[in-house]
Amino acid sequence: MAGVLRGCLPVAGPPPAGIEIINRDGSSVNKVEIAERKEVELECRVKESKPAATIVWFRDNVELKLNQRDDSTTEVVSKTRGPRASKFIVTSKIRLTPTHQDDGTNYTCEARHDAVNKPMRATVTLSVLYPPGAPYIEGFDSNVVQRGRQLELICKSRGGNPLAQLIWYKNNDPVHMKYFTHDAISESTYTFTADASDNNAVYRCAATNIMSQKPQSAQVTVTVEFPPTHVVINGSGEARVGDVVPLTCTTDNSNPPAEIRWTVGGKQVHNATSRSVLSKDGGWITTSDLVTSIPPGPRSIIVVCHGLNMDTAVGTHTIEVQYPPSTLMIHGYKQGTNIGAGSRQRITCVSTGGNPPATLTWYKNDKKISSTSKILDKSVSAEVDFIANATDNEARYKCEGTNKATEIPLTEELKLSVLFPPDRVQIKREPAVLKPGQSATLTCDSSSSNPPAVLTWWRDGIPVLGTTNSSSKGLHGGTVSTVKVTLDVTADLNGIVYTCQAMNEVLQRSVHDAITLDVLYKPIFESEPVESFNGVEGQPMLIALQAHGNPSNMTYIWKKDGKVLSQSSESHSRVLIDGPMLNISSLHKDDTGAYTCEAVNSEGTSSTHINISVNYPARIIGITTDTLVSNGEDAQLNCTADGNPLKVDHVTWRREGFSDMASRTSTVFRNNTSVLTILKATKEDIGAFLCVVNNGLGNETSAPAYLLVKHKPDIDLSPVLAKAAANVGDTARLTCRAKGAPDIQFKWSRDGTAIPANTTKKYSINYLKADVLTHESVLLVHKVEQADFGQYQCTAQNEIGFSTNSVELDITSKPDPPTNLNANETTHNSITLSWVPGFDGGLPTTFRIRYKPSGSANEAYQYADVTPSNASTYVVRNLDLATEYVFSAMALNKRGPSDYAGHLKAHTTNEAPPPVPAGSSMNQDGAEMLSEELLGRADLPRLVVVSVAITGSILLLLNILLVGCFMYRKRRQRLREASEQSSSKSATIEMYAPSSYNETVTGETLSSVSEKSESYSNADSNPDYLVRKQQEDGRKPAASTYLIDQIDYPFEYCGFEMQHQHNHQHPGHPHPHPHPHPHHHIGNNTLKPPHTDSVNSVNTGTLRKHQPNYNNHNSGGVQPGGDPFYGISPDARYIAYPPPAEFSQPTGNGTLRRGQHLAPMGTGPVGVPPDVTVLHNPPIPPPPLLSTFSYPAAMETEGHLV
């Protein structure tokens, strides 16, 4: 029973899951902020316990017994385990109205449950917001302070949540906002130094926080005492005797108000009145008024004001007593005297007496001017210092004196008389725009002059006669002069300078102005150019056709055969057009034509015409290929050529071995075509006639024209074609070759049966036309059988007839030996062989050459395999000089070799050609000529070489002795060097001077004595032989061979070149003009030669006239001026310098210049203006540089010697 009861006792469920105090949104809190006397609700929640927990409230750990509590319990049923596993959530709410005493109070919620031994708790702290306490001020013991004292005001406020914010105000303006808190107190300290602005100032401290409805404050009022810092006296500082002067003295602000006392002229005055007013800066401002009368006698009166308040401020004021000055006086100019413009004038005005000293002012025609004033002990002066000019004529100079004591200024004046020249002239033209055919008037007006100016006209420095002056009244009492000149306008007047000069003859001074006539006219080419220009294809051509016009901004248009050429200035363009210049960098034959250069400006267009002819090498552009005629019929061959020039003798016909060329042919040339007619052509005339074209430019060109004469076929019966060979199963090749005209047809047969052409797989026939006359038929026998061997017949047929030949087909075998072995060309170390191959045995064949020196029975043969294998010529090299060799040749295929055949004997030559120096431009003919000269000396015996060397050495010693004697007699280093050079050359072989060492050859080497005669050879000659020969002679290999020309100079000193230029400057021309034709043409063979001039001899040298090249002064052409110059042919060993530029000569017509010495007037009808300089004697030209020649008096020397 007891056991049953124990099983029924209740068992405690799970403890609470947690406890918390929550706010209205359900989140947990541990602090609640609330304003004072505002209700707040605290809610405690205990989570998921069974049975339901019990909640108890505490205030600062003291249990609260509250009647009004809102508790609730909520059952939470488990969804999986059902009601038996349900739990309970318990909540409890309490409501409070806190005061400031509740600030910081803790409220605790405790959950009690049987399953826990220690209750669970949650605590929240109240933060109650309330306003601070009223502030109070410490540290201010008295409200009256002296200026400059430092005050410290302390403001404090107790309580408040949050603590109070403290701000200091001065007269309601915030001045200090810093504060700090401690022990529930807010404190702020404001420190300042008292000054005038602090007098009666209210300092207020305000305390506030977020709970304050309005700030709470405490305040103090400060009173500051201070004296005035200064006083100010206001009143007139100047007065006349007897004047009543009011004066006012004002103090600076002070507290209390200051007392004012006066002293005038050292005596205290008591009848002044005073008053005080509040200052906006604090304190009081005191003002006192005084009226005093000016007594006679003193020049000044001193007034003193005293401001008294704890300290004294003093101010002073001076009153100047005024007196008028005495009468003015002027000196420095006598009325009515004439003075010249440009002279310096000093006029002085003097005043005595007066207080203050008089102020002197100068006026010119009632306009104030500057002056220099001086104040002495009892007087004052003012001086005007000026350079007299036209404006001073009849001008009134007035001096005015005044001071503060004068009511009407004192004055004194005078009038000047000035002679002045005109300061300018002005030129006007009518009409404003000048064009040819008009009549124009130039009017020159001078400015005012006293006396009147004389006007004259000058044209390019030459006086213009027949003009008349007119005059009218001018400025400053002077006279204006006018002069006119009338012109008939032409293009030549453009750029002409007309100068007008105005002269004051009394002063002998003048001015002038110039006008450059601007005549508008269409372009004019300066002169007609050369009508035709010739050039060579590939060479440059430059043509400049200069035109002048106004406006000078012209556009040039170039046309070729009426078509406009494009304006191109790009560097890569072949034809460049740059204004009036046509620059063709490389002439082309298509450039030939008629060219027009048009110059265009706003006034019109002008044009000039030239022709350009381009010479270019002739070439063949068409030729008759095959001409077929019957036997005995005339044949014509045509050859068409193109070239410039191209004449009948530029096209010729040739044929090797045709001896009847002159008698059996005729030639006709028309329309650039040469027609060759062969009379009664025969079979022997068949072949190529060569058309050769050469017009002297470039290399000749040629092309063959074939003549064919009808005849029946001639079959080639050579042994090579009479046989064919092939092995069984291979393809056999049988060839039948024939010559004939017209074309040939072939037929093959065997044993009288025709072989079908290309109809069965057994046989196929190929046709080939080797040339215009030779035809070939190849019969291919496929898969040769034993029965295919034997004879085959070939028939060649045309319209004239036929021929037949047999070809034997056999099995392959060794080749036949070659035949007709010949030596075609021989040199000092090589021989060129040729042969006719024999039958090849039906297999590929090569050839071998066997050779050895003739007569050397014991010497073994040398062998050379011929490459390529099908060649029928071969060059055997590295042979000995002047040696006879025996040659033989054999053929070889895989069946074996043939026998050697030929046994040809041939000699190498006994002369070796000289080596050509590297970079030499010697042509083939020159090399052959050199070889002929040198080969004769190539194999000189050693004895001869030694003899020549000894003889040369003896001659060299003799020459040295002669040179020593000559030096002793003449003692001139220059002649000694020339003598050594001349003597050295006399010992050399006259034509050749080889280098005996393998280094760079200098000029000294070329001019020194060479006593050795060397062997010469080309680099490709037999090197082994040369090395052996040089080793035997003990010589080093020669690097190169030099050909020296012996030059006899017609004068004593070598290398001089004199260049001379004519000066084409003419009188009246403002600039030197080097040539009357400014058209320049640069090219090859394009300049016409200059007119013949007499040849001038200079000492022993001869001057010859030649045209230097525009681009290269060393090679001939035209100078930029187009003028030829004279020169001696330069020596290649000396540098030739370009001719110097012309020395410009002054013109003789005079130029206008300012600032020259004056000439006396009245010496002629129109005197030379004083500012016109005429050059009567041109300067003497400087002598030519380095010149030792004398010149004729009539020759103008402008050149130099090099």
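**Cores, sheets and a loop**

User: How many residues are in the largest nonpolar core, and which have the most contacts inside it?

Analyst: The largest nonpolar core holds 27 residues, and Trp653, Ile678, Phe689 and Leu707 have the most contacts inside it. This is a predicted model, where local features need pLDDT of at least 70 and side-chain atom pairs count only at pLDDT 80 or more, while totals for chains, interfaces and linings use all residues. Residues are numbered from 1 along each chain as its sequence is written, and side-chain values use heavy atoms, with hydrogens and water left out.

User: What makes a set of residues a nonpolar core?

Analyst: The residues must be buried Ala, Val, Leu, Ile, Met, Phe, Trp, Tyr or Cys, joined through side-chain atoms within 4.5 Å. Buried means under 20% relative accessible area, with exposed over 50% and partly exposed in between (1.4 Å probe, protein chains only). Trp653, Ile678, Phe689 and Leu707 belong to such a set.

User: Which elements give two or more residues to this core?

Analyst: They are strands S55 (604-623), S57 (635-644), S58 (651-654), S60 (673-678), S61 (687-693) and S62 (701-709). S62 gives the most, with 5 residues. The strand numbers count from the N terminus, and a strand is a DSSP run of E with at least two residues (helices are runs of H or I with at least four). Another core, of 23 residues, lies apart from this one, and Leu434, Cys444, Leu487 and Leu493 are among its members.

User: What is Leu707 in contact with, leaving aside its neighbours within four places in sequence?

Analyst: Contact means heavy atoms within 4.5 Å. Beyond those neighbours, Leu707 is in contact with Thr627, Val629, Ala635, Ile678, Ala681, Asp685, Ile686, Gly687 and Phe689.

User: Why are strands S32 and S36 said to stand at the edges?

Analyst: Their open sheet has 4 strands in the order S32-S31-S35-S36, with antiparallel pairing. S32 (367-369) and S36 (410-415) each have a single partner strand, so one side of each is left without a neighbour in the sheet. Neighbouring strands here are turned by 30° against each other on average, direction ignored. The axes are lines fitted to C-alpha atoms (for helices, over the stretch in contact), and angles run from 0 to 180 degrees between N-to-C directions.

User: How do you know that S31 and S32 pair?

Analyst: Two strands pair if DSSP finds at least two bridges between them. S31 (residues 359-364) and S32 are joined by 3 bridges and run antiparallel, so they qualify. Trp362 has Ile369 in S32 as its bridge partner.

User: What is the order of the strands in the open sheet with S28?

Analyst: The order is S28-S30-S34-S33, and these 4 strands pair in the antiparallel sense. S28 (329-331) and S33 (372-375) are the edge strands, each pairing on one side only. Twist averages 20° from one strand to the next. S28 and S30 (residues 344-352) share 3 bridges, with His331 opposite Thr348 in S30.

User: Where is Lys38 found?

Analyst: Lys38 sits in the loop between S2 (31-35) and S3 (40-49). Apart from neighbours within four places in sequence, Lys38 is in contact with Leu96, Thr97 and Pro98. Lys38 and Thr97 are 59 residues apart along the chain, with their C-alpha atoms separated by 5.5 Å.
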